[in-house]
Amino acid sequence: MIDFRVGEIKSCEKHPDSDKLLVEQIDVGEEAPRQICSGIGKFLEPDQVVGKKVVIVSNLKARKMAGTASEGMLLCASKKADPEDPESELAELKLVEAPADAEIGERVIVEMPDEEHGQAATPNKVGKKKLYEKVAPGLRTDAEGTVCFKESPFMTSAGPCTAKDLPEAVVS
């Protein structure tokens with residue numbers, strides 16, 4: 001029900017009112033790029049993300065972050081300084097990247113045993129039924145840095161999505 005899509009970051013700038021936020025323009029195969037605000041400014045500079053093929057959650061309700069519209073969520077892998085402490089600061093963060101040959105706008109497929117792929121839920125349904133919150137605890141990278149939901153890899157037509165430099169990490 002969650003719609004994970006391949007996108008390419010076309011431009012990025014620091015948020016004018018927040019040191020933590022970057023504001024990306026991401027091409028996901030629609031008429032215009034989507035503007036997405038991401039709390040990655042502590043770890044990445046705008047020039048480090050432009051041109052990257054990434055994965056976004058495309059069916060979240062648009063919302064404002066520090067007064068700026070955000071139309072989705074950029075997936076990243078991260079590790080906390082102290083994994084045992086839920087209040088611990090993030091120590092590492094990497095973008096979840098799609099393979100270079102993946103098609104912009106293609107849906108990322110996660111094959112689950114005894115499950116079928118259907119239409120993605122509407123943003124209203126995702127919000128009301130808290131569908132992303134139900135999926136989020138199962139998102140992670142495996143020992144090779146492949147992004148998975150539980151044990152199933154995130155796949156594109158060109159192969160798996162990865163955060164190669166951050167194995168055994170949380171994805172959000």
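**The second largest pocket**

Modeller: In this predicted model, the lining of the second largest pocket divides into 11 nonpolar, three polar and five charged residues. That lining counts 19 residues. Nearest the centre lie Met 1, Ile 2, Val 110, Met 112 and His 117. Helix H3, residues 131-135, gives the most to this lining, with three residues. The volume of the second largest pocket is about 520 Å³.

Now set it beside the largest pocket. The largest pocket has a volume of about 920 Å³. Its lining has 32 residues, and the closest to the centre are Gly 39, Ser 78, Leu 90, Leu 93 and Ser 172. Strands supply the elements that give two or more residues here: E3 (34-38), E5 (63-65), E7 (73-74), E8 (76-80) and E9 (90-95). Strand E8 gives the most, with five residues. In the second largest pocket, that place goes to helix H3. By class, the lining of the largest pocket has 16 nonpolar, eight polar and eight charged residues.

Along the principal axes, the C-alpha trace spans about 45 × 40 × 35 Å. Of the 172 residues, 44% count as buried. Take the contacts with a separation of 6 or more: residues 24 or more positions apart account for 60% of them. The accessible surface comes to about 9,500 Å². Carbon and sulfur atoms hold 48% of that surface.

Thr 146 sits in the loop between strand E10 (139-141) and strand E11 (147-149). Is Thr 146 buried or exposed? Its relative accessible area is 13%, so Thr 146 is buried, the cut-off being under 20%. Leaving aside residues up to four places away in sequence, Thr 146 touches Arg 140, Thr 141, Pro 153, Pro 160, Cys 161 and Thr 162.

Technical notes: Residues are numbered from 1 along each chain as its sequence is written. This is a predicted model: local features need pLDDT of at least 70, side-chain atom pairs count only at pLDDT 80 or more; totals for chains, interfaces and linings use all residues. Side-chain values use heavy atoms; hydrogens and water are left out. On a 1 Å grid over the protein atoms alone, a cavity is a set of points where a 1.4 Å probe fits but cannot get out, and a pocket is an open set with protein on both sides within 12 Å along at least five of seven lines; lining residues have an atom within 4 Å of a point. Grid points are joined across faces, edges and corners, and a volume is the space filled by probe spheres set on the points. Helices (H or I, at least four residues) and strands (E, at least two) are DSSP runs, numbered from the N terminus. Ala, Val, Leu, Ile, Met, Phe, Trp, Tyr, Cys and Pro count as nonpolar, Asp, Glu, Lys and Arg as charged, and the others, Gly among them, as polar. Buried means under 20% relative accessible area, exposed over 50%, partly exposed in between (1.4 Å probe, protein chains only). Contact means heavy atoms within 4.5 Å. Accessible areas come from the Shrake-Rupley method with a 1.4 Å probe; for residues, only the protein chains shown count as cover.
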